[in-house]
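Dear colleague,

Please find below the structure that I am handing over to you. My notes on it follow directly after.

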Amino acid sequence: MIKLIENDISKEEYLDIREKVGWKRLSDKQAKAALSNCLFKVKACDEEGNMIGMGRVVGDGAVICYIQDLIVIPTAQGKGVGSLIITRLKEYVESLREDGTTMMLCLMCAKGREEFYIKNGFTKRPTENLGPGMIRYIE
C-alpha cells in the first residue's frame with residue numbers, strides 16, 4: 001500500500017530520488033531552497049517507508065501554480081504512484097482557488113509523458129489558442 005506524506009521531504013531524499021531517475025544533480029543549497037520555497041510537497045512511500053515518488057507545487061497560490069518535480073522511481077512506475085501524487089497536488093491547488101475565480105495549474109512534461117498528464121486532466125499544447133506547454137484551468 002502506498003502512503004502519501006505531505007510537506008516532509010528531506011534534502012537528502014530529494015537529491016536521492018532525482019539521482020534515481022537520472023535528473024541533473026543539484027547543490028545542497030539548491031535542493032534546500034527548492035523544498036523550502038515551494039507551496040506544497042508530497043512524497044509517496046512504499047510499505048517499508050521508502051520514498052518511491054514525490055511532487056511539488058510552486059507558484060503564487062492565487063492565479064497560477066506549477067507542478068514541479070513529479071518523480072516516480074523506475075521500479076514503481078506504471079503502478080499508479082504518479083497518479084496518486086498528481087491527484088493530491090491538484091487537490092491542494094483546488095483548495096487555494098477563491099470561489100468564482102479561475103486558477104491555472106501548469107507544468108512542463110518530459111518528452112513522451114504527455115499521455116500520462118492528459119489522462120490526469122491536462123491539455124496538451126499547442127492548441128489553436130495556446131502555444132507549446134501544458135496547462136490545466138482550475139474552476
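Buried means under 20% relative accessible area, exposed over 50%, and partly exposed in between. E6, at 38% relative accessibility, therefore counts as partly exposed. Please keep in mind throughout that this is a predicted model.

Salt bridges

The structure holds 9 salt bridges. In one of them the side chains of R88 and E6 meet, with 2.5 Å from N to O. R88 belongs to helix α3 (residues 81–96) and E6 to strand β1 (residues 3–6), so this pair ties together parts that are 82 residues apart in sequence. The two side chains also make a polar contact at 2.5 Å. Leaving aside residues up to four places away in sequence, R88 touches L4, E6, F40 and V42.

A second salt bridge links K11 with D28, whose closest N and O atoms are 3.5 Å apart. Because K11 lies in helix α1 (residues 11–20) and D28 in helix α2 (residues 28–37), the pair ties together parts that are 17 residues apart in sequence. K11 is partly exposed at 25% relative accessibility, and D28 is partly exposed at 40%. D28 forms a salt bridge with R25 as well, and here the closest N and O atoms are 4.0 Å apart. R25 has a relative accessible area of 54% and so counts as exposed. Through salt bridges that share partners, K11, E12, R25 and D28 are joined into one network.

The largest pocket

Which residues lie nearest the centre of the largest pocket? They are L70, I71, V72, R113 and Y117, out of a lining of 25 residues. The volume of this pocket is about 590 Å³. Strand β4 (64–72), helix α3 and helix α4 (114–119) each supply at least two residues of the lining. The largest share comes from β4, with 7 residues. Sorted by class, the lining of the largest pocket has 15 nonpolar, 6 polar and 4 charged residues. Helix α3, one of the elements that supply this lining, is also the helix in which R88 lies.

Backbone geometry

Most residues other than glycine have a negative phi, and most peptide bonds are trans.

- N7 is not a glycine, yet it has a positive phi of about 55°. N7 lies in the loop between β1 and α1 and, at 44% relative accessibility, counts as partly exposed.
- D69, also not a glycine, has a positive phi of about 55°. D69 is found in strand β4; its relative accessibility is 6%, so it counts as buried.
- The peptide bond from R125 to P126 is cis, with omega near 10°. P126 lies in the loop between β6 (123–125) and β7 (133–138).

A further position

M104 is found in strand β5 (residues 103–107). With a relative accessible area of 25%, M104 is partly exposed. Its C-alpha atom is separated by 22 Å from that of S36, a residue 68 places away along the chain.

With kind regards

How values were computed: Residues are numbered from 1 along each chain as its sequence is written. This is a predicted model: local features need pLDDT of at least 70, side-chain atom pairs count only at pLDDT 80 or more; totals for chains, interfaces and linings use all residues. Side-chain values use heavy atoms; hydrogens and water are left out. Helices (H or I, at least four residues) and strands (E, at least two) are DSSP runs, numbered from the N terminus. Buried means under 20% relative accessible area, exposed over 50%, partly exposed in between (1.4 Å probe, protein chains only). On a 1 Å grid over the protein atoms alone, a cavity is a set of points where a 1.4 Å probe fits but cannot get out, and a pocket is an open set with protein on both sides within 12 Å along at least five of seven lines; lining residues have an atom within 4 Å of a point. Grid points are joined across faces, edges and corners, and a volume is the space filled by probe spheres set on the points. Ala, Val, Leu, Ile, Met, Phe, Trp, Tyr, Cys and Pro count as nonpolar, Asp, Glu, Lys and Arg as charged, and the others, Gly among them, as polar. A polar contact is a pair of N or O atoms within 3.5 Å; within protein, one must be able to donate a hydrogen and the other to accept it, and residues adjacent in sequence count only if both atoms are side-chain atoms. Contact means heavy atoms within 4.5 Å.
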